Amino acid sequence: MFSILRAIWTVFLHLFRRKVTVLYPEEKPRIPPRWRGRIILSRDPDGGERCVACYLCAVACPVGCIALQAAEDEYGRRYPEFFRINFSRCIFCGFCEEACPTCAIQLTTDFEMSEYYRHNLVYEKEDLLISGPGKHPGYNFYKVAGLAIKGKDKGENENESPPVDVKGLLP
Amino acid sequence: MSETARYLLIVFGVLAVMMSIAAGLIWVERRLLGFWQDRYGPNRVGPFGILQPLADMIKVLTKEDWVPPFADRPVFILAPAIIVITVLLAFAVVPFAPGISVADLNVGLLYFLALSSLGVYSVALGGWASDNKYALIGALRASAQMISYEVFMGLSLMGVAMLAGSFNLREIVEAQRRLWFVAPQFLGFVVFFIAGVAETHRLPFDLPEAESELVAGFHSEYSGMKFGLFFVGEYLGITLISALIATLFFGGWLGPLLPPVVWFFIKTFFFIGLFILLRATLPRPRYDQLIRFGWKVMLPLALLNLLVTGGIILAAG
Amino acid sequence: MEDKKLITVYIEDKPYRVKPERSMLDACLTLGFDLPYFCWHPAMHSVGACRQCAVKQFRDENDKKGMLVMACMTPAAEGVRISIKDPEAVEFRSKVIEWLMLNHPHDCPVCDEGGECHLQDMTVMTGHVYRRTRFKKRTHRNQYLGPFVNHEMNRCIQCYRCVRFYNDYAGGRDFGVFAAHDNVYFGRQEDGVLQSEFSGNLVEVCPTGVFTDRTLKAHYTRKWDLQTAPSICVHCGLGCNVIPGERYGTLRRIRNRYNGQVNGYFICDRGRYGYGFVNSERRIRHPYYVTCGASGEKEENKLDEGKALPHAKSLLQGAKGTIIGIGSPRASLEANYLLKRLSGPENFYAGFSGRDFNLVRRIISILTGGPIRTPTLKEVAEADAVFVLGEDVPGAAPMLGLALRQAVRQKPVEAAKKSGIPVWNDYAVRMAVQNDKGPLFIAASAATRIDPLAEGVFHGAPEDIARLGFAVAAAIRPDAPAPQGALPEAAARLVPLIAARLKTASRPVIISGTGAGSMAVIGAAANIAKSLLESGKGPGLCFVVPECNSIGLGLLGGKNLKEAVAAARQKRADTVIVLENDLFDRLSAPEAEALLAARQVIAIDHLPNHTVSMAHMVLPAAAFAEGTGTLVSNEGRAQRFYKVYVPGGQIEESWRWLAQLLAATGGAEFFTLDDVDRALAEEMPVFGGVPAAAPPADFRMSGLEIKIPRQPHRFSGRTAIHADVDVHEPKPPVDPDSPLSFSMEGFDGRPPSALISRFWAPGWNSVQAVNKFQSEVGGQLHGGDPGKRLIEPASKGPSLSYFTGIPPAFKRAWDKSLFLIVPLYHVFGSDRLSALSPPVAELVPSPYLALNPEDARDFTAREGAEIRLLIEGVSFRLPVRFDASIARGVAGFPFGLPGLHGVELPAWGRIEVKMSGWAEKSAGREWGEGEAGDV
């Protein structure tokens, strides 16, 4: 009985407490760097597209809002022919970033992306691709993956020995 | 000014004031809840967010007015109107100040009790006509709850009536010139207040619309302005109960310096604030707890209050 | 009731009953245990090379120590006691995979195998997660292996499955393993196109991404994103089961669909890579009608949604005479049946060429009229003596060739079994067998790719092949009619040998077909089968037919196309409806033109061709992956193929167009495929089994109301695929014809065998998951293999009598420029549809005329020199190719190559050497333009 009255009094006293609300947009909140906001596609340190169109982000996406098509350049480097994220469906869970083996897809601190029309929230590759490496400045997938591309032949990776001479007789 | 014109002025004045209070409460409640939860509440529409009710009204009026195909259409449409009508009719007997009341009935108190009982039809019919299991459960809960709490609501007021010797609300106020009835009838006040909360099914006694179990209870299927009517009805109910508490236990318009109407509204708004504070504080009891509390605690208390009051009056007699 | 032959083995101390004569790995997988493996393959058995299936074996229940053994090399014998979960075995397996992964490149994201990789699955299964070695990875250079298979040698884990399949199982000779120790290299001696017609199976056999589908690479999609449905290959008459996969509205790839009785674990490259025509830019996607423009040129007027049917209806109702329907052996049974209903049986013409019509009718009369059984492909592979009569098996029906490659091993393997070597012990069996081969005899017009396997080969004209057959039948049973006169010496030598081998075999199989174009050859094959039957054997008689529904159309009946031409010439045909058929392939150009000169011609087809270009109205038909229907394979097996995806435009299944036309013109109403099949089964008893070929559309898994999804449960991009067009997701299409849905939601367990859209099981993402769908490893699928055989041997009733129409021996014409032109078959090219796929088109040979060098010398001394060939008034300019296997006086004409059509073979043709007057024109390659000639 008394506890109920005391609770009522305690709640009443909150009238005079400092408010925790941040009055956005007049006052900008501090966004931590690992914030899961607008998704981008990054480039590797050499300026090449990092995305290799492996479809892992698409399959990890719980709402299925990523669609892409793989293509290959004449030297065998994979890239997405198109890459579409339907942000009107995206729940910003960050699974795509976790699934990405090449650090290409990254969630950024930008969350101010409201639109009046849903179709404006459909982002294509040219809307997603940025010019830098984003959160992972040094990483270059093709430096560790054993696939020959333009400017990197077989055996030229970190941790690779030159190609075997199949017709050699040495042990 | 002719008698008729004065009369009409009072009627429409009361109607307008009550409606705007009910609408304003939408903003007041959210703002206060915000403060008590260390937030700001609605503060964007107009200065301090005061135009929030207007925005809400525009929204609720322009929403799709949807009647589910499986609902009992006439009853479904009628139900929300009933609650607003009954509560507004009950305001007829409330004396806002000397000479400012719609009807000066000598059975004012009984009239209020009668109309507040009618309000349950709105909920019961709305829930039934929705043809939805949650709505029906909500309606059943509301009926049981209203029947239980109305019993001692009436009984708790009998002490006041005995002390004042009248059912006329104006006379009850006049009878408190010396001492507000809250002092001799403290138990009656507590019982009436709790019964009033239950009668308007406000938190913590909002089991008919317990959203954690019943979606939205009896008004699950309602949308647009029909839902808005239930909403307005609820705020009118709060205002009515608060006005009656002020009238019956806190001397109505009586008070020094300030004009009587101002005193009346100060007292009323205090209790409205208390209603909201209760909502901000108390969790909802279980349904069996609610009913048991009514029959096993409140009813004996109200009877005890009646007995003791009657005894003292007889003894003082 | 328990099978007495079962034995008890103990796994984790629990007894299990399993079949004997198999390895413990086989037994474990059959029982549903997950045990990793690499080198073992259900079709190629155990070699014990990869050490991945290690388990602990115990002597008896008191043995607590046990020893590590390889499950694949441990016989399942009575009382064998093993543990899969034993900690030492578990650790051993994870160590093995760590070694295998030492040099594996870090490239799963760009590897086409990713997501359906056996190596990924096994790595996860064994629990190896972290690469500890600090040393450098060895690398390899890749090879160009042709348009079908991509090579990425870095990924190799040296399981040797590829060479074991390519060389040992499929008989390839241009692939091998090079170098030594950890440098071993799997590839060709030099870059070049893989020669085997089964090279595509390397993609499925390789447990990792060394060999991947090169055609898929061009429009790469992961397995989890492919919308798939069970389907049937349409590129020959065998009816192999396949799984086409679609994404973004185009067909992406074909995978094998296991069917224990038909194709087993493999399909040929024609079936796997011949799908490209479905995605063709030239596809007819909208109905149109043709009007003549002001200046006389034709104008195509596109018909909008809903306008096609009224237009077609007005054409049919405006018919001033007979409406005739021309069916097609490449259209579904339902489409042909409805066309027959629409035109009436008296005006329905089977869409075969005149000769094929008679050949197929004879084949059907032999199969339905007598007690001789036609074997399934699996039964052919298990035959212990085979006689191929007049058929180029690898060219016309490649998978039958693969079955024959297995059949020749039957007898030697049985001998190895007798000396105590279990069949599953592959290496030991091969050592015991060495180069022994079982009896296989081939009589064909020219050399075929399986000739090296044969004990005896005869090459000659169809007449001589038939005579050889008749002689063999007479040698088996003297009451069979024997040919008059002498056989060619080469054939005469073979007769007693073939007769003896067939007589001593327990499961002899005779293979013939329409390939030689000769009624006598088919009759001879039937005589041999009958003579064997009368000597108490149960011979199989297998006929190769040219197209996917030849038998179905043959069973449906209809008249000869030549009669349609006659009707058209007598102006008895007012309106002609041509169903998925190019009449210029079936008839000579004047005949086809006469037929298409009818007042109104309606063509239903999926690609433009000569017939379509002459039609007055064209309706767009669904290709095999875009529609649902039934095909009847060469063994009479009715098999359902399902719509994999809904094509764009107004494409509909042919049978649906015809059903709508039938209803619009006041005929019976058919709404779903089941309606059509039910009516068909009621009308013609021979098709009584068609509705049972697959579950009906209202079939649901017991107790559930949900359909079986076409999309895997991991299908991605559902809310983004169409977002560029409309941000609101479209409603998934409804399929009234099957219990399959165009969705990722629905029943996710193991469906009935005819409805398996993909092989997947938890932990088994690769095609190896097929183990989980079989009632025993390598056996039938759960619930029986899909398809329903319509033709079973008649046990009672009149027995087939011997055929007597024995032709006289082939004699060269006195005119040395006259040759008997016989068709030669090519895996790539002889089938018109698959040759439209760009990767297959790369391998289609350029046209030629094959001549015996002795004969050719009369014209030219140089191979490649151009000659002119005149057959029945059609002239071709072709380079000469020398082929010593062709008999004198016979010339080989590649069947079906672009431009080489309009003649019925075999036929007499005149070869002319270069003359003045046409040499100048011969620049360029305008092969086969029709010209009036005089022969």
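Visitor: Which residues is C:His140 in contact with, leaving aside neighbours within four places in sequence?
Guide: From chain A, they are A:Lys154, A:Pro163, A:Val164 and A:Val166; from chain C, they are C:Met153, C:Asn154, C:Asn183, C:Val184 and C:Tyr185. Contact means heavy atoms within 4.5 Å. This is a predicted model, in which local features need pLDDT of at least 70 and side-chain atom pairs count only at pLDDT 80 or more, while totals for chains, interfaces and linings use all residues. Residues are numbered from 1 along each chain as its sequence is written, chains are lettered from A and ligands numbered from 1 in the order in which they are written, and side-chain values use heavy atoms, with hydrogens and water left out.

Visitor: Why is C:His140 called buried?
Guide: Buried means under 20% relative accessible area, exposed over 50%, and partly exposed in between, using a 1.4 Å probe and protein chains only. C:His140 has 0%, so the word is buried. The residue sits in the loop between strand 6 (137–139) and strand 7 (149–151) of chain C. Helices (H or I, at least four residues) and strands (E, at least two) are DSSP runs, numbered from the N terminus.

Visitor: What makes C:Pro452 exposed?
Guide: Its relative accessible area is 61%, so C:Pro452 is classed as exposed. C:Pro452 belongs to the loop between strand 20 (440–444) and strand 21 (456–459) of chain C. Its C-alpha atom is separated by 45 Å from that of C:Phe348, which is 104 residues apart from it along the chain.

Visitor: Why does C:Thr672 count as buried?
Guide: At 17%, C:Thr672 falls under the limit, so it is buried. The loop that holds C:Thr672 runs between helix 23 (654–664) and helix 24 (673–683) of chain C. Not counting residues up to four places away in sequence, C:Thr672 touches C:Trp655, C:Pro736 and C:Asp737.

Visitor: Which pair of chains has the most contacts?
Guide: Chains A and C do, among the two pairs that touch. No contact joins chain B and chain C, and their closest C-alpha atoms lie 21 Å apart.

Visitor: Why is helix 3 of chain B called roughly antiparallel to helix 4 of chain B?
Guide: The axes of helix 3 (residues 73–90) and helix 4 (residues 108–130) of chain B come within 8 Å and cross at roughly 165°. Axes are lines fitted to C-alpha atoms, for helices over the stretch in contact, and angles run from 0 to 180 degrees between N-to-C directions. Angles under 35 degrees count as roughly parallel, over 145 as roughly antiparallel, 65 to 115 as roughly perpendicular and the rest as oblique. Helix 3 of chain B is therefore roughly antiparallel to helix 4 of chain B.

Visitor: What makes helix 1 of chain B and helix 9 of chain B roughly perpendicular?
Guide: Helix 1 (residues 3–36) and helix 9 (residues 224–249) of chain B pack at an angle of about 100°, with their axes 9 Å apart. The pair is therefore roughly perpendicular. Their contact divides into ten nonpolar residues, one polar and one charged. Ala, Val, Leu, Ile, Met, Phe, Trp, Tyr, Cys and Pro count as nonpolar, Asp, Glu, Lys and Arg as charged, and the others, Gly among them, as polar. Among the residues of helix 1 of chain B that meet helix 9 of chain B are B:Met18, B:Leu25 and B:Glu29.

Visitor: In what order do the six strands of the barrel in chain C close?
Guide: The order is 32-36-33-35-34-37, and the pairing is mixed. The twist averages 45° from one strand to the next. Two strands pair if DSSP finds at least two bridges between them. Strand 32 of chain C has five bridges to strand 36 (residues 890–894) of chain C, running parallel, and four to strand 37 of chain C, running antiparallel. Strand 34 (residues 866–871) and strand 37 (residues 907–912) of chain C, also antiparallel, are joined by four bridges.

Visitor: How many residues of strand 32 of chain C are buried?
Guide: Seven of its seven residues are buried. One side carries C:Leu818, C:Leu820, C:Val822 and C:Leu824, and the other C:Phe819, C:Ile821 and C:Pro823.

Visitor: Why do strand 27 and strand 31 of chain C stand at the edges?
Guide: Three strands of chain C form an open sheet in the order 27-28-31, with antiparallel pairing. Strand 27 (629–632) and strand 31 (788–789) each have a single partner strand, so one side of each is left without a neighbour in the sheet. Four bridges tie strand 27 to strand 28 (residues 637–641) of chain C, where C:Ala638 is the bridge partner of C:Val632.
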